Amino acid sequence: MQKIASTGTKGGVGKSTFAILLAYKLSKNKKVVLCDCDVECPNDYLILNQRLKKPKKIYQDYPILDKRKCVKCGLCSKTCKENAIFWVKNKYPMFIYDLCTACGACIIVCPNKAIKTKKKKSGESFINKVNNNFWLITGRSKPGITETGPIVSEVKERAIKFAKKKKADYIIFDTAPGTHCSVIQALLDVDKAYAVTEPTPLGAHDLSLILELLRKIRVPSEIILNKADVGNRKLIEKISEKFKTKISVEIPYSEELVKAYCEKDLKRVVKLI
Amino acid sequence: MKIAVTATHRSLDADVDPRFGRCMCFVIVETEGKEIKNHKEISNEAIQATRGAGIQAAQTVANEGAEVVITGNIGPNAFNVLSQTGIKVVTGATGKVKEAVEKYLKGELKETSGPNF
């Protein structure tokens, strides 16, 4: 099973479009699982005309204090990088759950094992069968959760397990835009990442950020240039040379394509490309 | 009584910083009756925090032993931990640090019962 990612730092360049088209095309003669890792705003299901049903809950372990064991040393508060533990000398620490990302560092450092955990729902995942060879796994975080990396890794784990069960040939991860934890989680351990961008100054700048990240986590990459015939192609060529990463697909700008896309007419979109 | 005031620089004559969590520094004023006896300035480490600046700043003033905080505005997280620690919070203060403390001692500045943004 080959693990592929469709990613990019800039929003609206066509990450999801590319991921869906790739999955759709591959599903003609191979088994494909598409995993929507943009858990803060998943929308692959909309374009694929699916409804999200039967959510499977995702939980995270949040800290709670066992006052009988706590000696008020404050080590948990000093360790917390999110400033989510308020502590004043000679008083019990207070957990601020709005800021807590459930990283578990306080639990590890507590010398008296005074911090227990409580499971709280942080998101959910869904499975949709698009056609006989094509499944969609969608991850969605609970509104208000600020750190969605752990939710992405859980969804990813579920998707990989599912893909193995179905003996899928490909699993495609569609990431959120950016280079933050949630994107990194989605990209770790993939065999190949396609960095989607557009020939604009912002598209070029953001492309160099994602290629830098991919180089750091040692994921082989290729560039997908969307709206290739508008804007300034040279900007992207420069970065392609700098990172020794080839531009493997160019998608021209077309109003027809946008129309077909908005009408959720995948067959027409595929034809137009 | 110890009063922590958010300030734009390290002086009794500095302006009150309207921000709590990301204020430039704190002036800790010691009062006796209605008079200022002593004061010292401390830096606010929380100004650099990526998240939870209010919590970290609240921790700083609480560990200084302040009983009252005078500032411009305060958010919900900082307000909640301060009030749970028994520290009174005064918002809407403007002008110089010294004047704000004097106004509070005269009863012209009132304690707030909740965060103001």
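This is a predicted model: local features need pLDDT of at least 70, side-chain atom pairs count only at pLDDT 80 or more; totals for chains, interfaces and linings use all residues.

Modeller: Residues are numbered from 1 along each chain as its sequence is written, while chains are lettered from A and ligands numbered from 1 in the order in which they are written.

Biologist: Why is α7(A) called roughly parallel to α8(A)?

Modeller: Helix α7 (residues 201-216) of chain A and helix α8 (residues 233-242) of chain A pack at about 15 degrees, their axes 9 Å apart. Angles under 35 degrees count as roughly parallel, so α7(A) is roughly parallel to α8(A).

Biologist: Which residues of α7(A) and α8(A) make the contact?

Modeller: Contact requires C-beta atoms, placed from the backbone, within 7 Å. P201(A), A204(A), L207(A), S208(A) and L211(A) of α7(A) meet L235(A), I236(A) and I239(A) of α8(A).

Biologist: What makes β3 and β11 of chain A edges of the sheet?

Modeller: The open sheet has 9 strands in the order β3-β6-β7-β2-β8-β1-β9-β10-β11 (chain A), with mixed pairing. Strands pair if DSSP finds at least two bridges between them. β3 (56-65) and β11 (247-251) of chain A each have a single partner strand, so one side of each is left without a neighbour in the sheet.

Biologist: How many bridges join β3(A) to β6(A)?

Modeller: There are 10 bridges between β3(A) and strand β6 (residues 115-131) of chain A, and the two run antiparallel.

Conventions. Axes are lines fitted to C-alpha atoms, for helices over the stretch in contact, and angles run from 0 to 180 degrees between N-to-C directions. Helices (H or I, at least four residues) and strands (E, at least two) are DSSP runs, numbered from the N terminus. Angles under 35 degrees count as roughly parallel, over 145 as roughly antiparallel, 65 to 115 as roughly perpendicular and the rest as oblique. Two residues are in contact if their C-beta atoms, placed from the backbone, lie within 7 Å.
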